[in-house]
Structure formats: C-alpha cells, structure tokens
Amino acid sequence: MLTPSEIQIVEQLKAELDARYWEDERHYRYYRLRQTLEHLGMAIPPNMRRFTVFANWPRVVVRTIAGRQKVRALILPGEEQADPRLRAIWDASNLTAHTKMFRRDALISGRAYMSVGANEHNPELPLVRVESPREMEALVDTRTETMTAAARFFGKDAFGMGPTNVTLYLPEETVWIEKDESGKWREQDRDSHGLGSVPVVMHLNERLSGAGFEGESELTDVIDLTDAVARSLTNLQFAQEGHGVPGKWATGVQSGDFVDENGKPISMFEAYYDVINMLTDKDAKWGQFRAADLKNFETALNIYGGQAALSYGFPARYFGINTTNPPAEGTVRADEIELINGVEDKNEAEGMVLGWIGALALRFATGEWVEGNRVRVDYFDPGTPTIAQRVDALAKLRATRDISREGMWDEMGWTEPRKAKERQYLAEEVAQESAVDLSFLHRGEDTGAVSALDPDEVKKRADAMAALYRAGVEPEDAAQQAGLAGIRFRPGVQPITIRRDSE
C-alpha cells in the first residue's frame, strides 16, 4: 500500500511534469517541423497556406552537435584501457544507438534521463534504458546534488487520457503504481532492492548556477530565427507567384481577339504566352513590364543565417550561406573551431553522466560500487567526425612515428578481442610475405642445437622466429617455437629485419 509520503511525491512530480508540457511540446514541434502557423504571427488565407515554407534549422542544430559526440571507451579509475565488462553492458543495451536518443532529448528539451534495471535473463548485463523527458521527472537534493526520487508517468485509458501508470524510483525500492477507477493512485507491485541510490540519472543541458536543477533547450536561440526565415520564404513564394514572371500589356485589343479556332475564349495562361501570335489588328501593340527583383529575399535569408551561425558558433555554410570556392581541409578545421570547442564542452558534461550510469550498471552486475563512482568516458575527436577523417589523421601521426600501432587501435575505439584478432591477421600476413613455412614448428619441444641443422633449415627457422617476434612473441619464446632454442641475443643489438613496427 502506498504511504502518504509516496503519494505526495507522485503528485508533486506529476505537477512539475505537467508544468513543462507546453514548452516541451513547442520545442518538439519545431524539431519535427510541425510548428503551427499561429507561432508565426501571420494571417494567411486558407487557400494560400500551400505556399507556406519552413526551414528546419532546429534539426540542423541538434543533428550537427549530436553527430559529433561519439563515445570511444568507458574506463575504470586507475585504468588506461576500456573495461570489458562496461563494454559488454554497453553493447547488450545497444547504447551506441540509444545514446543518440539521449543526446537529442537533452538538446531539444534541456534534460535527458537514463535508468538501470536488473536483467532477469543475465544478471551480469543489467538493462540500461533511455527514458523520455516528457514522461520522467525527478527530485534532487541541491546540497548533495543527489537524486532523492524519480517517477515515470505513462499509459492511457480507452479514451486516450493519461497517465494511468507510474513507476516510482526511490533509493531503497521501486514501486509500480496504477490509477484505479476512482482516479486515485494504487500500488501494483513493489521491489525492495536496497540499492541505496535512485537507479536513474539525469543530464541537464546548459545548466546555470542558481537556477536549481534546470536545463535549457539548445533550440532557444534558433526558434525566433526559424520563424523569421519562414516569413521570408513564405513571402518569397507569394512574390514568385505574383511578380516573378513579368506582366504584359496590350493596346488596341479586345476580349474577342483571344479566342481559339472555334471562336471559344482561351485561358488567361494561354493568352499570356501566345499574345504576340493572336493580335491581328495592325495598330495593336503589346509589351511587358520588368520582372520583380527577388534578390532582397536572398539578402534577408543570408542575414538570418549569419545570425544563427553566430549564435551557435557554426560555420555559415551550415545555414545555407556558401562561398564560390569550397573550403580546403585546413580552413575547414579553423572554420569549425568554435563548433568543436562547444561539442567538447558538451562531451565533458555528458561524460560525467554516462560515467555515473556505468558505475550504477556495474553495481547491478557485481554488487559492488565503483570507487568514488568515477568511471571515465573518452570521446573521439569531434573535429574528425568520420572514420575516413579519423584514419587519415592517425595515419599522419603514424608516418611521423608520433603514435604506435596499438595506440592507433585505441584511438579507433577497437575492443581488446578486436585487437587480438588484428594481431593474428598481421602475423599471418608477415608469414605469407616472408614465404615462411611454419609447419615444422614444435611448440615446447627442443629440436636440438643449431649447429645440427643445415644452413637452409637455419635460414627457414630464423625467418620464422622473426615473423613470430614481429607478431608480438618475446624473443626467447620466438626462438623456442621456431626450433632455435639456445640462441643468445646480444643486449642492445637487434637486426633491423626482425624489428617490430612500434620500435
């Protein structure tokens, strides 16, 4: 049975969620290009509304920022490599795709939520889910900055009214609640997990000090500009229809001149384009007015695009302002420096939240809390958002010996099993390129002194030893496996033919 304090929490969170409804609805409508004409403050006749044009700059803003936020690895305190357990949890919950929803929620509504729950089918892989900010609300202790309660409101009745259900998350238990026929909240089930922490994490976009735990939509700066652009584009449609094609005039004519071969009046459209062939009076004259110059609309749109680019630090081309010559690689990076810095700032804030989620997920999986709740999240460079660009940048570092082969793999975000497989492939390639027959190798078996072998056999085994060494096998072990046990390596001296790529 629900306690009075639990009912009070549910009612409080429901009231706060309801208070956000219209602002959230406005932001989502702009993002999905479904804003209504009333938002524009324009009185457009119903028969002319087909000329209305909207430019989806809100989606450009969200897509540009979120598209450059890509997680590389989740790393435990004191470690330098990605933790395989966190990676397994990440993959099992498909978080590569779901974090994209998480970012869009934060950028559109100013807040985003993730929850962690037990997986009854595999306890080592807890379920991590993105929760809609239009369904979730939370209470936070501002002094300790810890969440004290959260609730998810969902479900509709047969008449489309809701919510009908609530999931109440508390530090020591989770309560499932439904609304009965009288409209009162009634407990449906309860799980006393004793976690000691609310299994929900909230991320706030552009939070300010003194504003409590409130975020701000990333669309704030672009909504008014989007309306202004819609006005200009709509007016441009009217201008094209009424003045884009030059008007014509004629004297010494009458309506009876504009008929077909059967004497029936022809359409105005046909008369406009065929007037010169239809005039038979020698004194009749015709001409055309100068067409309207619509360049002022282009100027206005460029002004709005420049203001949007200035507000977000985006290159102007993101809002349709293009130069004659495409930018070169070096100038692209310089042109995007403000965008890159902004994304890096957002990665720091998001990484802290994803680190909390990782620590919470490990608590479910292992029963132990991560030290200090400090899981580090590494991101790919937002300045090289595509694989081709990332590989090109790493190849240049590799060419100057500023990064090792293993370091390149780390920067590419490869997992340890993926790197182990690649080492195997490289070893096979080296063996094939060296034309080495490894079939004579006898693991763990001493094949005798080197002097007992003929020169060709020694050459074959030396090539095999070099191939194994370049594949990562230690020198003595490589000699043992190649059947050259007893070879002594001089300290500090190494033939260049068997050096590894990283040396």
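This is a predicted model: local features need pLDDT of at least 70, side-chain atom pairs count only at pLDDT 80 or more; totals for chains, interfaces and linings use all residues.
Angles under 35 degrees are counted as roughly parallel, over 145 as roughly antiparallel, 65 to 115 as roughly perpendicular and the rest as oblique. Residues are numbered from 1 along each chain as its sequence is written, and side-chain values use heavy atoms, with hydrogens and water left out.

Helices (H or I, at least four residues) and strands (E, at least two) are DSSP runs numbered from the N terminus. Axes are lines fitted to C-alpha atoms, for helices over the stretch in contact, and angles run from 0 to 180 degrees between N-to-C directions. The axes of helix 3 (residues 57-66) and helix 5 (residues 95-109) come within 10 Å and cross at roughly 135°; the two helices are therefore oblique to each other. Contact (heavy atoms within 4.5 Å) involves Val62, Ile65 and Ala66 of helix 3, together with Arg103, Arg104, Leu107 and Ile108 of helix 5.

Helix 5 also lies across strand 2, strand 3 and strand 9, and runs at about 145° to strand 2. An open sheet of three strands has the order 3-2-9, with antiparallel pairing; two strands pair if DSSP finds at least two bridges between them. Strand 3 (127-131) and strand 9 (200-204) are the edge strands, each pairing on one side only. The twist from one strand to the next averages 20°. Five bridges connect strand 2 (residues 111-117) with strand 3 in the antiparallel sense, and tyrosine 113 has glutamate 131 of strand 3 as its bridge partner.

Strand 6 (residues 165-169) has five of its five residues buried, so the strand is largely enclosed by the rest of the structure; buried means under 20% relative accessible area, with a 1.4 Å probe and protein chains only. In a regular strand the side chains alternate between the two faces of the sheet. In strand 6, Asn165, Thr167 and Tyr169 point one way and Val166 and Leu168 the other way, all of them buried.

Strand 6 pairs with strand 5 (residues 146-154) in the antiparallel sense over five bridges, and leucine 168 is the bridge partner of alanine 151. Strand 6 is also joined to strand 7 (residues 174-179) by five bridges, again antiparallel, with valine 166 opposite isoleucine 177.

Key
Buried means under 20% relative accessible area, exposed over 50%, partly exposed in between (1.4 Å probe, protein chains only).
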